Amino acid sequence: MDSVPFADELSERKVSVVSSELVENYTVYIIEVVDGEHKWTVKHRYSDFHDLHEKLVVENKVDRRLLPPKKMLGKNSKSLVERRQKELELYLQLLLRQFPGATPTPLAAFLFFNRYESNGITAALAEELFHKGEQLLAAGEVFSLRPLQLHAVTQQLRLAKPTCCNGDAKTDLGHILDFTCRLRYLKICGTKGPVGSSNILEANLPFDLSFFKSLLQIEISECAAQQMGGLSSLRSSVVTLNIRHSTDSMMLILVPEASEFPQWEAEGSDSGFPVTAVVPVWRNLTTLDMSHNGIGAIDGSVKLIRKVEFLDLSHNQLSSVENLQHLYNLVHVDLSYNKICVLEAAHTRLGNIKTLGLAGNQLERLTGLGKLYSLVHLDLSHNQLAQLEEIKNIGSLPCLEKLNLSSNPMCIIPDYRTKVLAQFGDRAAEVCLDGQLTTEKELDTVEVLKAIQKAKEVKDRMSSSDKKK
């Protein structure tokens with residue numbers, strides 16, 4: 001359902017020596033390789049060409065006379081360099097024509113196919129996993145892949161061609177599939193700009209995740225959500241999902257089918273309305289980190305993540321908090337560094353959470369937080385809280401132990417700490433404010449403030465009683 005488009009055929013490859021440069025006392029030739037829409041540059045001196053040629057002569061029976069000879073006299077002269085540049089270009093073009101199918105390993109390495117071209121990338125990855133795959137799986141550590149590597153593997157799987165490069169069993173695609181089928185911890189990290197010396201933008205590369213069958217944890221960054229295929233296949237296994245710098249919508253990640261079936265319903269739900277698809281839930285997902293994206297709303301896709309306990313949506317574009325009432329198991333929620341100005345009746349959406357991060361928003365009032373009775377840790381730093389009276393809204397929370405109000409306008413008020421702590425009454429000693437434990441001196445001052453406040457309340461009651469008489 002969440003497939004992405006791929007080219008069906010191998011791209012035409014071209015090579016040219018586009019220029020040269022003098023480095024110290026030798027000439028370096030700059031080679032441009034084109035593979036369909038992708039291109040990249042490689043730099044080599046003549047001795048590199050010579051080493052390549054010797055390997056091809058021995059291993060692939062290339063004609064020894066094919067490489068232009070080495071010249072010592074005037075080797076860096078402009079005319080010689082220009083002539084040799086053309087000769088070396090012709091040499092490389094002849095090699096590509098001589099090996100139109102499987103490129104010999106020395107030539108593929110020379111032209112950086114192992115970095116930028118699908119065949120070379122998958123062959124290099126397959127060989128790495130042939131040697132180290134079992135060891136990596138046994139260690140149980142996070143394995144990192146680039147979007148370009150996943151794109152290459154996905155592309156190879158879609159082509160009707162042999163699964164190994166040059167008939168070398170070590171480069172068989174099966175080594176990759178066996179490894180990915182059993183891998184449990186995966187990290188996919190793209191790049192913001194072009195990859196290396198190429199024009200390849202990883203965020204534009206489609207890739208498929210459906211051949212990962214056992215993942216418990218996956219972390220994806222700097223990839224476009226629209227290019228991720230096979231996300232729905234992860235629902236049965238993934239426990240921890242981390243998506244950063246990759247999406248402006250939760251729906252694109254959690255319900256990729258929504259683009260095809262807008263009238264969908266979560267498995268086990270009964271909305272009573274006609275639906276075009278029943279979407280399976282994320283069965284084991286307990287931790288979801290979608291921080292550092294461009295998400296503007298908490299949409300209905302959260303109905304599919306009912307078991308989530310840790311939710312991080314910090315550093316997004318949220319202005320309101322919706323739909324979290326569907327997450328009955330929430331314990332820790334981070335909504336820091338969004339655009340939230342008001343949070344009314346938070347308890348109706350955040351239930352019995354213990355940790356709430358609201359730092360870096362635009363809150364001026366705390367009226368909506370007064371019934372979060374299970375809250376232990378509350379971060380309100382870097383907001384617009386200016387009035388000490390607002391603290392009364394959270395002063396009666398029975399479990400609150402850590403409160404961060406730093407970098408708010410109220411912090412410049414004289415005796416700010418003791419005035420805030422006084423709002424917690426007899427629990428003042430139990431509250432750690434702004435990362436600092438309450439001192440005995442502060443507690444003494446709090447007692448004085450409480451006594452003054454109590455006397456004021458008595459006086460106000462007496463005054464009110466006198467007026468009634």
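Tutor: We may, bearing in mind that the model is predicted. In the hairpin formed by β2 and β3, two residues lie between the strands, and Gly-36 takes a positive phi near 65°.

Student: Which way do strand β2 and β3 run, and how many bridges join them?

Tutor: Strand β2 (residues 26-35) and β3 run antiparallel and are joined by eight bridges. Within this pairing, Ile-30 stands opposite Lys-43 in β3.

Student: Which residues of strand β3 are on the covered face, and which on the uncovered one?

Tutor: In a regular strand, side chains alternate between the two faces of the sheet. For strand β3 (residues 38-45), the covered face holds His-38, Trp-40, Val-42 and His-44, while Lys-39, Thr-41, Lys-43 and Arg-45 form the uncovered face.

Student: Where does a residue other than glycine have a positive phi?

Tutor: Most residues other than glycine have a negative phi. Here Lys-61 has a positive phi near 60°. Lys-61 is found in the loop between α1 (46-60) and α2 (78-98), and is exposed, its relative accessible area being 69%. Asn-323 also has a positive phi, near 70°, and is placed in the loop between β13 (310-312) and β14 (332-334).

Student: What is the order of the strands in the open sheet?

Tutor: The open sheet has eleven strands with parallel pairing, in the order β4-β5-β7-β9-β12-β13-β14-β15-β16-β17-β18. At its edges stand β4 (143-145) and β18 (432-433); each has a single partner strand, so one side of each lacks a neighbour in the sheet.

Student: How many bridges does β4 form with strand β5, and what packs on the sheet there?

Tutor: Three bridges pair β4 with strand β5 (residues 185-189) in the parallel sense, and Leu-145 stands opposite Ile-188 in β5. Helix α6 (residues 147-158) packs on the sheet and touches β4 and β5; the direction of α6 makes about 75° with that of β4.

Student: At what angle do the axes of helix α5 and helix α7 cross?

Tutor: Two packed helices are described by the angle and the distance between their axes. The axes of helix α5 (residues 118-139) and helix α7 (residues 173-182) come within 8 Å and cross at roughly 45°, which means that α5 is oblique to α7. The crossing is left-handed. Among the residues making the contact are Leu-125, Leu-129 and Phe-130 of α5, and Ile-176 and Phe-179 of α7. The contact residues divide into nine nonpolar, three polar and three charged.

Technical notes. Residues numbered from 1 in each chain as written. Predicted model: local features only at pLDDT ≥ 70, side-chain atom pairs only at ≥ 80, totals over all residues. Heavy atoms only, no water. Helix = DSSP H or I, 4+ residues; strand = E, 2+ residues; numbered from the N terminus. Buried < 20%, exposed > 50% of the residue type's maximum accessible area, 1.4 Å probe, protein only. Axes fitted to C-alpha atoms, helices over the stretch in contact; angles between N-to-C directions. Parallel < 35°, antiparallel > 145°, perpendicular 65-115°, else oblique. Left-handed = near helix turned anticlockwise from the far one by under 90°. Contact = heavy atoms within 4.5 Å. Nonpolar A, V, L, I, M, F, W, Y, C, P; charged D, E, K, R; others polar. Pairing = 2+ DSSP bridges.
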